[in-house]
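Colleague: I would like to learn to read a model feature by feature. Where do we begin?

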Amino acid sequence: MNNFSISSLKQLPIVMTSMSRWDGDFSSASWSLAKTFSRDQVVLYVDYPFTLLDYFRERKKKAIRLRKPALLWGKNNLKPLPEYGTYLYAVTPPLMLPINWLPEGMIYGFLARWNDRRLAKSIKKGLKRLKLEDFIFFNSFNPLYLSQLPKNFKPRVIVYQSRDNIRALEPYLRKHGAGNEIKAIRNADISLATSRQLQEDLQILSKKNVAYFPNAADFNLFKSAYETKLSLPDDLQNIPSPIIGYTGNICHRQDYDLIAYICASNPEISLVLVGPRNHQGHTHIDLDKIPNLYFTGPKGIEQLPQYLAHFDLLILPFLCNEVTRSIYPLKINEYLASGKPIVATPFSEDIRSFYPLIRLENDPESFALAIKQELESDNPDKAEKRYVEASKNTWEGRVALFWKLLDQTFSL
């Protein structure tokens with residue numbers, strides 16, 4: 001490892017890869033981190049690559065149509081995003097080969113290296129357009145690409161961040177991602193994990209030090225739900241109060257039996273889920289037939305405070321299993337910034353650390369009862385304590401922590 005000063009590293013551009021895109025359907029920790037870094041230094045945020053199969057399946061979608069020149073011909077692959085960050089750029093890689101279906105072996109390895117070279121070339125092209133050469137490579141949880149860097153792709157510093165227990169996720173990511181993540185950690189100068197459990201697991205598997213680097217919130221954005229009188233969103237106009245809310249991806253993490261029980265045992269409340277619906281195959285319940293359960297569809301992160309401001313209570317109804325025990329949920333600090341009462345299942349060590357500011361209940365009966373009790377007992381003093389806690393967990397603070405951890409790493 002080379003010996004560099006942190007002040008010199010702060011002058012370098014950061015190339016950040018992840019499994020989300022800058023214009024995705026829900027808030028992303030990597031995107032939030034990229035926006036924060038970009039206030040002081042150049043950040044190239046690399047879109048999660050589309051494959052040839054993705055292109056043919058989704059070619060009529062807006063996201064594909066906007067990126068078509070870059071995807072097909074490598075044209076206009078660098079997009080300035082001044083509305084999100086002073087020095088922020090999005091990189092659109094060309095189409096990749098869809099190889100995840102292949103078994104581990106020579107063919108997969110050869111094609112994976114081809115994809116990686118193609119992706120690295122696209123990144124270097126973006127850097128060249130900005131007349132930049134040296135850079136920090138920050139892989140924010142994208143184990144399917146660039147876990148081992150091509151020979152001509154030589155960042156000054158390599159960072160790997162893990163945000164989920166890949167070994168407990170769906171087979172698509174687990175198949176090659178689990179092994180690639182360990183390779184990425186071993187090849188990195190510094191590795192980060194967003195939860196205590198994940199940190200412990202990855203240190204055992206990789207036999208390398210992994211630093212704790214928890215998620216945060218865009219406090220300056222979400223505090224408006226507490227400080228400001230925001231207008232009622234149009235799609236909440238006809239929903240009766242009290243409104244219980246959830247924001248985020250509606251997917252394999254949620255306990256749908258618990259959600260159905262909450263609605264059935266509290267018929268006087270309205271439960272509103274804000275986010276993309278990806279629950280197909282994860283529940284047998286016909287959620288659309290529950291009369292007091294409502295879906296708004298995905299919303300941009302900038303819209304979320306408007307919803308939080310008009311929810312009476314917020315929930316995190318996650319399953320307690322191998323997937324969720326390694327999660328520090330991005331939304332917990334967004335919720336806290338609104339000052340609203342919160343009821344969650346005790347799914348991870350990280351979420352349990354927020355007790356007693358939030359209510360933790362495991363079984364459906366206790367969870368449903370806690371909603372009633374928290375609605376009745378809420379007061380301005382409790383709201384302010386939640387708000388103050390969120391103010392301690394900001395992306396600005398996490399960026400400061402990152403440089404501190406990097407300084408410690410290079411001082412060893």
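Modeller: Start with contacts, meaning heavy atoms within 4.5 Å. Setting aside neighbours within four places in sequence, T36 is in contact with W395, E396 and V399. Some ground rules before we go on. This is a predicted model: local features need pLDDT of at least 70, side-chain atom pairs count only at pLDDT 80 or more, and totals for chains, interfaces and linings use all residues. Residues are numbered from 1 along each chain as its sequence is written, and side-chain values use heavy atoms, leaving out hydrogens and water.

Colleague: In which helix is T36 found, and is T36 buried or exposed?

Modeller: Helices are DSSP runs of H or I with at least four residues, strands are runs of E with at least two, and both are numbered from the N terminus. T36 sits in helix α2. T36 has 7%, so it is buried.

Colleague: At what angle do α2 and α16 pack?

Modeller: Helix α2 (residues 29–37) and helix α16 (residues 395–411) pack at about 80°, with axes 9 Å apart. That makes α2 roughly perpendicular to α16. The classes: under 35 degrees is roughly parallel, over 145 roughly antiparallel, 65 to 115 roughly perpendicular, and the rest oblique.

Colleague: Which residues of α2 and α16 make the contact?

Modeller: From α2 come A29, S32, L33, T36 and F37. From α16 come W395, E396, V399, F402 and W403. Keep the helix repeat in mind: an α-helix has 3.6 residues a turn, so residues three or four places apart point the same way. By type, the contact of α2 with α16 has 7 nonpolar, 2 polar and 1 charged residues. Nonpolar covers Ala, Val, Leu, Ile, Met, Phe, Trp, Tyr, Cys and Pro; charged covers Asp, Glu, Lys and Arg; the others, Gly among them, are polar.

Colleague: What else is in contact with W395? A216, perhaps: where does A216 lie?

Modeller: A216 lies in the loop between β8 and α8 (219–222). Its contacts, beyond neighbours within four places, are L330, N333, N393, T394, W395 and R398. A216 is buried because its relative accessible area is 0%.

Colleague: What span should the 17 residues of helix α6 have?

Modeller: The expected span is 1.5 Å times one less than the number of residues. Helix α6 (residues 171–187) should therefore span 24 Å, and its end C-alpha atoms are 24 Å apart, which agrees.

Colleague: Where is the kink in α6 centred?

Modeller: A bend is the angle between axes fitted to the seven residues ending at a residue and the seven starting there. In α6 there is a kink of about 45°, centred on G177. G177 is also among the buried residues of α6, as are H176, A178 and E181. The cover over the buried residues of α6 includes α5 (106–129), β6 (157–162), β7 (190–193) and α7 (196–206).

Colleague: Which residues is S162 in contact with, leaving aside its neighbours within four places in sequence?

Modeller: S162 belongs to strand β6. It is in contact with F141, E181, L192, A193, T194, L198 and L202. S162 is at 0% relative accessibility, so it counts as buried. L198 and L202 are among the buried residues of α7. What covers the buried residues of α7 includes β6, α6, β7 and β8 (211–212).

Colleague: What about backbone angles? Which residue follows α7 with a positive phi?

Modeller: K207 does, with phi near 60°, and K207 is not a glycine. Its place is the loop between α7 and β8. K207 counts as exposed because its relative accessibility is 71%. F141, likewise not a glycine, has a positive phi of about 70°. F141 lies in the loop between β5 (136–140) and β6. F141 is buried, with a relative accessible area of 5%.

Colleague: Last, omega. Which peptide bonds are cis?

Modeller: The bond from S241 to P242 is cis, with omega near 0°. P242 is in the loop between α9 (224–227) and β9 (243–247). Y355 and P356 are also joined by a cis bond, with omega about 10°. P356 lies in the loop between α13 (349–352) and β14 (359–360).

Key:
Axes are lines fitted to C-alpha atoms, for helices over the stretch in contact, and angles run from 0 to 180 degrees between N-to-C directions. Buried means under 20% relative accessible area, exposed over 50%, partly exposed in between (1.4 Å probe, protein chains only).
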